[in-house]
Every structure is written in C-alpha cells, then in structure tokens.
Amino acid sequence: MSAQSNTQPTIETVGLRRTFKGRGGAVEAVAGVDLRVNAGDIFGFLGPNGAGKTTTLRILATLLPPTAGTASVAGFDVARHPRQVRERIGYVAQSGGSYREATGREELIIQGRLFGMSKAEAGRRAVEILAALDLTEAADRTCKTYSGGMRRRLNIGIGMVHRPAVLFLDEPTTGLDPQARARLWEEIRKLRETGTTVFLTTHYLEEADALCDCLAIIDHGRIVAEGSPDDLKREISGDVLTIGVNGNGDQVVKLLSGQPFVREAELDDGLVRLYVDRGEEAVPQVLRLLDAKGLAPSTMDLHRPSLDDVFLKKTGRSLRESAA
C-alpha cells in the first residue's frame with residue numbers, strides 16, 4: 001500500500017460478510033473481507049462481475065447492512081453511525097444519478113442544497129465543479145444532451161459537490177470510449193491531489209494499473225491479493241511465456257517443468273504457461289527442446305507479468321476472460 005500504512009485508515013473492514021437469500025439457499029456475496037484504505041489514496045477493487053465488488057461498496061456507503069463483520073468509513077462505523085458516514089462520503093453508482101430533463105448546473109446546485117449549502121454557496125460550488133470537469137460550456141444544457149463521458153463526469157461532480165472525505169465510484173468508466181475513459185482518469189487523479197480518498201470498483205486491468213495506489217483483487221466474495229499494482233506484479237518474478245502446443249500440453253509441461261530456466265510450468269485451456277527468469281534467453285532454449293522432441297509450437301507469446309497474471313495465479317483463470 002502507498003502512503004503511511006501505520007496511520008489511521010480512512011476505510012477499514014474486518015471480517016465483512018453479506019449473505020442474500022436465493023431460491024437455492026443462502027448466497028454469500030461478500031465472504032469475510034478485510035480491507036484497509038489510507039487517506040488520500042486511490043484504492044481499486046478489482047474483479048470480474050459478480051465477485052462482490054458492488055456489494056462491498058454499497059455496505060461501505062451505508063446502502064446495505066452487513067450480515068457480519070465491521071466496517072468504518074471516515075472514522076465512523078457504517079452500521080452504528082450511518083448518518084455521520086453519509087455526511088462525509090460521495091457515492092456514484094454505475095447507473096449515475098443525473099436527471100435527464102435537468103441541466104448540469106441545476107443538478108449540482110440541488111445536490112449542494114441537499115447537503116445544507118445556501119443557494120448562493122451551492123451556485124458558487126456548481127461553477128467550481130463545472131470548470132474543474134470542463135463542463136462550463138454545457139452547464140445550462142439538459143443532461144439528456146450530454147455524451148456518455150460528459151454524464152459520467154457530471155455524476156462524479158454530483159458526488160463531490162460537498163467536498164467529501166471519501167468518494168465511492170462504482171465502475172466509473174464502464175461503457176466509455178478510450179478517449180472519454182482517459183479524460184475521466186485525469187479527473188480522478190485530480191481528486192487525489194485535493195486529498196480526497198477515492199474508492200473505485202473496476203474490472204478493467206488497465207484502469208487499476210494506471211490509477212490505483214493500492215488495490216485488492218476480489219473473487220467469489222474473497223480477497224485473493226492486495227497491494228500496489230507493482231508489488232502484486234513483482235510477486236510473479238521474471239517473464240511469462242505462453243505457448244500453443246497443438247494438443248500436446250501434458251507432454252510439453254513434463255518436458256519443460258524440469259528445466260533450470262523454468263520457475264513453473266502449467267497447462268491452462270490448451271496453452272502451456274511458463275514462468276521464467278529471462279524470457280529472451282528462455283525462448284531459444286524452449287524452441288530447441290521442443291524441436292528435439294518433434295513438438296512444433298503453434299503460437300508463442302512473451303510478456304512481462306500483468307495484473308491478469310496475478311489474477312490467474314491466485315484464482316486459476318484469466319480476469320480478462322471472466323470479465324468478458
């Protein structure tokens with residue numbers, strides 16, 4: 001984790017659980033989550049759809065009670081002091097919260113008034129937000145005329161009108177084109193510069209890697225890895241070599257797993273994945289060994305470890321495939 005991990009966390013959960021009743025019995029959406037988020041960090045909650053990200057976020061935002069465990073946000077227990085928590089957070093849901101027939105300025109002023117601002121103060125704050133999010137020219141247009149990227153920026157603006165200590169963003173860039181996504185990333189980084197703690201859920205590997213000071217990878221309601229993106233990738237030392245083997249996977253794994261330059265060899269969905277110290281040296285050695293056995297590879301891909309490799313290592317499957 002970045003920042004000073006010995007300071008009092010802005011968000012902390014211990015043994016957090018949430019169970020729902022289903023037709024087939026109880027479903028545990030969040031299964032004992034322990035989290036610690038430092039003030040001023042961008043914290044990412046990374047995982048496929050259905051992993052428990054949104055449920056955890058909704059508990060932290062006081063929208064769902066936990067079944068068990070504890071959670072505190074901005075120094076207040078979410079179950080015992082929900083009002084104090086709500087006063088100190090902003091929450092932007094996946095679906096957003098803007099009204100199609102209202103203008104961007106009207107939405108921001110209304111939100112400010114709901115948090116106790118005078119009309120004049122809310123108006124001034126709306127001007128600040130519109131300028132910060134590059135929405136000034138569209139301030140008096142109705143929200144239904146906004147592009148997807150403009151609406152997402154406005155929704156984030158609505159969440160930060162009252163200068164919250166913590167801003168929760170649930171899948172903030174889902175459905176946006178690459179340009180709009182990059183623009184929104186810049187706005188999220190600016191929030192960190194103001195001291196706001198940002199807690200975002202995402203299933204985009206690139207987003208978590210680019211934005212987050214620290215992240216937790218969640219799968220089936222459980223945290224499987226936690227740390228900075230670089231620290232998590234560093235756990236998988238060396239390079240990753242993926243080989244298409246034309247149905248000879250078991251034979252190739254047996255051949256290569258005992259080689260001194262191979263840290264680990266595994267078969268995954270018809271592909272052999274090797275974890276090696278130096279990929280550029282491993283490739284010619286692998287080719288010579290396969291050729292000696294008459295095993296010609298159909299494909300070969302060499303890359304540095306990614307967050308998808310971390311997820312694969314921890315869960316046995318690819319996050320890219322799970323998210324798709």
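Me: Which strands does helix 1 lie across, and at what angle does it run to strand 1?

Reply: A crossing is read from the two N-to-C directions, with angles from 0 to 180 degrees. In this predicted model, helix 1, residues 53-60, lies across strand 1, strand 2 and strand 4. Its direction makes about 115° with strand 1.

Me: What is the order of the strands in the open sheet?

Reply: Two strands count as paired when at least two bridges are found between them. Here four strands form an open sheet in the order 2-1-4-5, and the pairing is antiparallel. Strand 2 (25-37) and strand 5 (76-77) each have a single partner strand, so they stand at the edges, with one side left without a neighbour in the sheet.

Me: How many bridges join strand 1 to strand 4?

Reply: Five bridges link strand 1 (residues 11-22) with strand 4 (residues 68-73), and the two run antiparallel. For a place to look, find threonine 13: alanine 71 in strand 4 stands opposite.

Me: Now the largest pocket, please. What is its volume, and which residues are closest to its centre?

Reply: The volume is about 310 Å³. The lining has 19 residues, and those closest to the centre are Tyr91, Val92, Gln111, Ile158 and Gly159. Strand 6 (89-92), helix 3 (104-114) and helix 5 (148-160) are the elements that each supply two or more lining residues.

Me: Which element gives the most to that lining, and what classes of residue does the lining have?

Reply: Strand 6 gives the most, with four residues. By class, the lining has nine nonpolar, eight polar and two charged residues, with Gly counted among the polar ones.

Methods: Residues are numbered from 1 along each chain as its sequence is written. This is a predicted model: local features need pLDDT of at least 70, side-chain atom pairs count only at pLDDT 80 or more; totals for chains, interfaces and linings use all residues. Side-chain values use heavy atoms; hydrogens and water are left out. On a 1 Å grid over the protein atoms alone, a cavity is a set of points where a 1.4 Å probe fits but cannot get out, and a pocket is an open set with protein on both sides within 12 Å along at least five of seven lines; lining residues have an atom within 4 Å of a point. Grid points are joined across faces, edges and corners, and a volume is the space filled by probe spheres set on the points. Contact means heavy atoms within 4.5 Å.
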